[in-house]
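Open the model in your viewer and keep the selection panel at hand. The tour goes stop by stop, with something to select at each.

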Amino acid sequence: MSLKIPRYDINLEPSMSKHPDFNRKSILMHTQSGFKSEIIAIVPLTAHEKLFHIRICDPCERENFAFLPGQFVMLELPGCGEVPISISSSSSNKEFIALCIRKVGKVTGMLHRLKPGTIVGIRGPFGTHFPMEKMVGHNILLIAGGLGIVPLRSPIYWVNEHRSDYGDITVMYGAKEPGQILFGYQFEEWRRIYGLNILTIVQNAGKGRQGKEGIITDLFDDIDIDSDNTFAVVCGPPVMFKFVCAHLSKSGLPRQRMFVSLERRMHCGMGKCCRCNVGSTFTCLDGPVFDYWTVMNLKEAI
Amino acid sequence: MLFKTITRENFKKMVEALMEENEVIGPKARDLDTEGKKIYRFLKLNSFEELEMDYTRSYSSPKNYFLPFKEDLAVYDLHDKGWDQDIHYTIHPRVIIGMRACDINALLKLDQVMAKSVYPDPYYFARRRNTLIIGLDHEPLEDCFCRSMNADTAFHGFDLFLTDIGKDYFAAINSDTAYMILNRFDAKDVTKEDQFLYKKVKSRIESKFKTQVTITILPELMDLEFESEVWKKWGDKCLSCGSCAMVCPTCYCYGIEEDIDLDFSMAVKRKFLYSCNLLDFATVAGGHNFRPRADVRLKYRYYHQFRGFVEAFNQSLCVGCNRCGKACLAGISPKVVIDDLIETEKR
């Protein structure tokens, strides 16, 4: 009689034959099988940032792909590498997702050299999202510094599409120089059609520029925060969080109504590689969107 | 749980029969250390004689049969119209003989992350389900502190667990496969005498633990002593080599690298085990390092093991095998670091 240990073929598990759905986290699936996607448009924004419109090739996978504002995807260029990028488009857009990418490393450098039509892979969506449902009926304060406007574009689209659900929407946006302001071409539309109050400020205005010069917290002088009825969403470089959140706390905003989106190194997006470890948890699972109370309990989060 | 006894001769026959049709891994003497003592590793066995049933501690843990140091996650065929991805999971069965209770507990902890948590890892899952585990009891070494970590006994996570009770092995059986195999080699029902011997061995093992580490208040202590000088003291010694993570039975963090063929026809996505002590562990594109100092990285290694993992899974990640303490070139071991932390608390 044979003593061969029975062979278990994981591929025969029913869930393994389906299209991976990263929203169904507990299901066994091909976790490394990305959705083949085509870059359908590349929009240069500044000298270092480009906006990529990416469309999942398979109609069924495209239909199933659903995300909420604040979530991110792992974007893979086979042979080059994989990077976490937050989604910067409307969650109701089923045709493509927009990813705004700064040329900063090996993979992003290569992405900047690509032409429309290139096939890339995306896995996701991963991570937590901004609590758009909880914010219904409230004013929202969206505060972005530099590249931080990118993940905030998704909640802005959401708010615009559900405009009557929300109260006053204020967008505060700070950049280093006027030339580094991203999506400025959309501000007029957001103001006139959706009635968003958009305040911008730059650190170095340069010669002859109209508008404010200073740092992001200077903009707090121009607004009144109704602390009983406001949610705040903050995203920007690490140094910005502390000052902005301190200011918001001082104005009486409860910490559980302040949300930040953090950034760390990631290799998997699924809580396995440990690279995005922040305090006692992982940015990819419990983040990137954290409320400020949680952040205060995570060592060295900001 | 069901129990049986098997004689040494029959055990030998069983292992040899298993070896004929399966890949069998077990502790093998690989080299000698400076004192002339054997250094053991879990390796493929070619004969029963290679199996060291009396081995002390394997230098690295058998986790690498579930989480290999390097592993190809996907292979890409690149062509004019784009690329195609090919993914393979390990599905050939394997037997591992001689795993200690701590190593089995380590696997149970890895199961929590890799199989039972969000996004079950198919690569790990396939290996785990295709591995038959035969555990083996032993008397603790001088520096084993698995008892403090509640990892000195295993009740599940294995197929068969053997305890040497003199002329026979006392076998705890945890799977049908193991039960069938065992019965084929004339395993006997447990007698009153066997039970008595088994309990005696168990209490002897229990009495031999010399090293103790107090971890009851450790999760809180990790936060309270976050700025402690203890981290600086040990962090300054740390060489940031990552040896501790390589030999650890529970460390699972990794990195991904992608390689492309010189003729651009093939690419591969490769996973390699990493260590949170390595310099660029938390470096993001653009060069910012969230943990630039060795003491901060060392602190987070402990923080994950005794705080982060406890928060997520209600147990510490460490199983108390002290392999990291043995492998560390700077003499850093969990026992001394934790004792130091508790001492500062007392002051």
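Into which domains is chain A divided? Select 33–126 for domain 1 and 139–297 for domain 2. These bounds come from an automatic or database domain assignment.

Before going on, some ground rules. This is a predicted model, in which local features need pLDDT of at least 70 and side-chain atom pairs count only at pLDDT 80 or more, while totals for chains, interfaces and linings use all residues. Residues are numbered from 1 along each chain as its sequence is written, and chains are lettered from A and ligands numbered from 1 in the order in which they are written.

**Stop 1: the two domains of chain A**

Colour domain 1 and domain 2 of chain A separately. Their C-alpha centres lie 22 Å apart. The contact takes 20 residues from domain 1 and 19 residues from domain 2. Two residues are in contact if their C-beta atoms, placed from the backbone, lie within 7 Å.

Now look at the domain 1 side. β3 (72–77), β4, β5 and β6 of chain A each supply at least two of its residues. The largest share, three residues, comes from β6(A). By type, the side divides into eight nonpolar, nine polar and three charged residues. Here Ala, Val, Leu, Ile, Met, Phe, Trp, Tyr, Cys and Pro count as nonpolar, Asp, Glu, Lys and Arg as charged, and the others, Gly among them, as polar.

**Stop 2: the six-stranded sheet of chain A**

Show the cartoon. Helices (H or I, at least four residues) and strands (E, at least two) are DSSP runs, numbered from the N terminus. Six strands of chain A form an open antiparallel sheet in the order β4-β3-β6-β1-β2-β5. Strands pair if DSSP finds at least two bridges between them. β4 (81–86) and β5 (97–102) of chain A are the edge strands; each has a single partner, so one side of each has no neighbour in the sheet. Neighbouring strands are turned by 40° against each other on average, direction ignored. The axes are lines fitted to C-alpha atoms, for helices over the stretch in contact, and angles run from 0 to 180 degrees between N-to-C directions.

Select 35–44 and 119–126 of chain A. These are β1 and β6, paired in the antiparallel sense over four bridges. A:K36 stands opposite A:G121 in β6(A).

**Stop 3: backbone details in chain A**

Stay on β6(A), where A:P125 has its place. The peptide bond from A:G124 to A:P125 is cis, with omega near 5°. Then jump to A:P288, in the loop between β14 (281–282) and β15 (289–291) of chain A. A cis peptide bond joins A:G287 and A:P288, with omega about 5°.

Next, select A:F183, in the loop between β8 (169–175) and α4 (184–194) of chain A. A:F183 is not a glycine, yet has a positive phi of about 60°. A:F183 counts as partly exposed because 19 C-beta neighbours lie inside 10 Å. The rule: 20 or more other C-beta atoms within 10 Å make a residue buried, 12 or fewer exposed, and anything in between partly exposed, with C-beta atoms placed from the backbone.

**Stop 4: chain B**

Switch to chain B. Its secondary structure comes to 11 helices and 12 strands. Of its 347 residues, 46% count as buried. The domain assignment gives domain 1 (2–62 + 90–207) and domain 2 (218–346). Their centres, taken over C-alpha atoms, are separated by 28 Å. The contact takes 19 residues from domain 1 of chain B and 18 residues from domain 2 of chain B.

Find B:Y119 in the loop between α2 (101–114) and α3 of chain B. B:Y119 has a positive phi of about 50° although it is not a glycine. B:Y119 is buried, with 24 other C-beta atoms within 10 Å.

**Stop 5: where the chains meet**

Which chain B elements each supply at least two residues of the side that touches chain A? First, the count: the contact takes 53 residues from chain B and 43 residues from chain A. The elements of chain B include α1 (8–21), β4 (70–79), β5 (82–86), β11 (254–260), β12 (266–273) and α9 (294–313), along with α3 (122–129) and α4 (176–183). The chain B side divides into 34 nonpolar, 11 polar and eight charged residues.

Finish on the open sheet of chain B, four strands in the order β5-β4-β12-β11 with antiparallel pairing. The twist averages 25° from one strand to the next. Five bridges join β4(B) to β5(B), and B:H79 stands opposite B:G82 in β5(B).
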